[in-house]
Amino acid sequence: MKRFNKVFTIVVLIFLYVPMIVLAVGSFNSGMDIAVFKEFTFDNYKELFNDSVLLPLLLNSVIVALLSSFIATVLGTAASLGIHSMGSRMRKFTMGITNIPMTNPEIVTGVSLALLFAFVGTMLKVNNILGFATLLIAHITFNLPYVILSVMPKLQQMDPNLEEAAMDLGCTPVQAFFKVVIHEIFPGIISGALMAFTMSLDDFVISYFVYGPKFVTLPVEIYNYTKKPLQPKIYALFTLLFVTILLVMVLMNLLQARDEKQVRDNRRALRRKQVGA
């Protein structure tokens, strides 16, 4: 059974990553046909970095991803603290509602937000309400559940007596929060922020319904490129985005592994003290 599981896992990984490998190989191909490798070259990357259209759009995507992930992290952390202080029934109910956007189809979320913005624009008598603001609000909206999902487990793992102990030692509630609580849940905050950044950077479906002509993100523009034969520089762009997101996810996993190791070490140290006592 273990051997079957290993083989099955390898097959799944092959199906997941072979398309990425093909794109990466195609990004170094001097020919236009991705199925025929002519000659190894870096010209596609040079052409990409000299492109006056794609690079500004990539900057737009990065700006939206940074701002939305930062705001979603702040709001999500505050929401997690509020949810954690609720009673068990209310907490379960609130978490159930919070998880709905993650299971909801993106196209439904995108259309719903577009209709909401159109309604607000009609009420405010604004003809072209779609733009940077609506795009940012939409990204914050679908990023919030991921931040909450990352921070909540850290709050549950935290010793509830730590904050009270800090206040007994002279800290104000605000000082106890920043010196104790934030320190305890910081790995969850970082994981949530990284997850929000990656989700925002490559989002297309929701962005397609809420963007305006004055502010276009890279995934939306790439969709227009797919309506005609793709240029090799697009393969280079895909490769760079994949590598960037892969590095962010690896960093997030390393942070989580380090945090779990620290928790295990603290528990072992506590047990040793209890045994010694």
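Visitor: Which helix holds Ile107?
Guide: This is a predicted model, so everything here is read from predicted coordinates. Helix 5 covers residues 106-124, and Ile107 lies within that stretch. The element asked for is helix 5.

Visitor: Leaving aside its neighbours within four places in sequence, which residues is Ile107 in contact with?
Guide: Contact here means heavy atoms within 4.5 Å. With neighbours within four places in sequence set aside, the contacts of Ile107 are Val205 and Phe209.

Visitor: How far apart in space are Ile107 and Pro19, C-alpha to C-alpha?
Guide: Along the sequence, 88 residues separate Ile107 and Pro19. In space, their C-alpha to C-alpha distance is 24 Å.

Visitor: How many helices and strands does the protein have?
Guide: Reading along the sequence gives the pattern α-α-α-α-α-α-α-α-α-α-α. The C-alpha trace of the protein spans about 70 × 60 × 35 Å along its principal axes. Its secondary structure comes to eleven helices and zero strands.

Visitor: Which residues of helix 6 make the contact with helix 4, and what classes does the contact have?
Guide: Helix 4 passes helix 6 in a left-handed crossing. From helix 4 come Arg91, Met95, Thr98, Asn99, Pro101 and Met102, while helix 6 brings Pro145, Tyr146, Ile148, Leu149 and Met152. By class, the contact has eight nonpolar, two polar and one charged residues.

Visitor: How much space lies in the second largest pocket, and which residues are the closest to its centre?
Guide: The second largest pocket holds about 390 Å³ of space. It is lined by 13 residues, and the closest to its centre are Asp202, Phe238, Leu241, Phe242 and Ile245.

Visitor: Which helix gives the most to the lining of the second largest pocket?
Guide: Two or more lining residues come from each of helix 1 (2-26), helix 10 (218-225) and helix 11 (232-276). By class, the lining has eleven nonpolar, one polar and one charged residues. With six residues, the element that gives the most is helix 11.

Notes:
Residues are numbered from 1 along each chain as its sequence is written. This is a predicted model: local features need pLDDT of at least 70, side-chain atom pairs count only at pLDDT 80 or more; totals for chains, interfaces and linings use all residues. Side-chain values use heavy atoms; hydrogens and water are left out. On a 1 Å grid over the protein atoms alone, a cavity is a set of points where a 1.4 Å probe fits but cannot get out, and a pocket is an open set with protein on both sides within 12 Å along at least five of seven lines; lining residues have an atom within 4 Å of a point. Grid points are joined across faces, edges and corners, and a volume is the space filled by probe spheres set on the points. Helices (H or I, at least four residues) and strands (E, at least two) are DSSP runs, numbered from the N terminus. Ala, Val, Leu, Ile, Met, Phe, Trp, Tyr, Cys and Pro count as nonpolar, Asp, Glu, Lys and Arg as charged, and the others, Gly among them, as polar. A crossing is left-handed if the near helix is turned anticlockwise from the far one by less than a right angle, and right-handed if clockwise.
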